[in-house]
Amino acid sequence: LSAVAAVALVGALVANAAGREGAAFAGTALTWAAAAAAYFVALHPAVLPTTLPGGASLTIENAASTTMTLQIMTVAALLFVPIVLLYTAWTYWVFRRRLSVEHMAEPVLVK
């Protein structure tokens, strides 16, 4: 994964020098994704390693939610995600038109 990140970064730099912004963006995104994946693969199974002497790291097993927590969060997501999506769609619908100079009020001089 580190090698993929390095190759993607070099590819992004080459694409940027060639003026291919889309390919440069894709290479940079792949660099970030591969670097983050390499970090988490290297940490496995620790989620948050401890820096204290003799301390216990937070592992995947320790960080997992209980069945009851997952059930509550599923119900909450089923209720609130549609509300958020509808509100976002309504907001985009209300503000769908672009403003221009004609829509601006005349400036008022303050003395």
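Colleague: How many positive and negative side chains are there?
Modeller: The protein has 5 positive and 4 negative side chains. Lys and Arg count as positive, Asp and Glu as negative, while His and the chain ends are not counted.
Colleague: How far apart do the centres of the two sets lie?
Modeller: They lie 10 Å apart, with each charge placed at NZ of Lys, CZ of Arg, CG of Asp or CD of Glu. This is a predicted model, where local features need pLDDT of at least 70 and side-chain atom pairs count only at 80 or more, but totals for chains, interfaces and linings use all residues. Residues are numbered from 1 along each chain as its sequence is written, and side-chain values use heavy atoms, without hydrogens and water.
Colleague: New topic. Which order do the elements run in?
Modeller: From the N terminus on, α-α-β-β-α-α. That makes four helices and two strands, which are DSSP runs (helices H or I, at least four residues; strands E, at least two).
Colleague: What does UniProt list for residues 1-17?
Modeller: The unreviewed entry lists "signal peptide" there; such annotations may be inferred rather than shown by experiment. In the model, residues 1-17 are 94% helix and 0% strand, with the end C-alpha atoms 24 Å apart.
Colleague: What about the radius of gyration?
Modeller: The protein has 25 Å, whereas a compact globule of 111 residues would have a value near 13 Å. The radius is taken over C-alpha atoms, and the globule rule is 2.2 Å times the number of residues to the power 0.38.
Colleague: And how many residues count as buried?
Modeller: 10% of the 111 residues, where buried means under 20% relative accessible area (1.4 Å probe, protein chains only).

Terms used: Buried means under 20% relative accessible area, exposed over 50%, partly exposed in between (1.4 Å probe, protein chains only).
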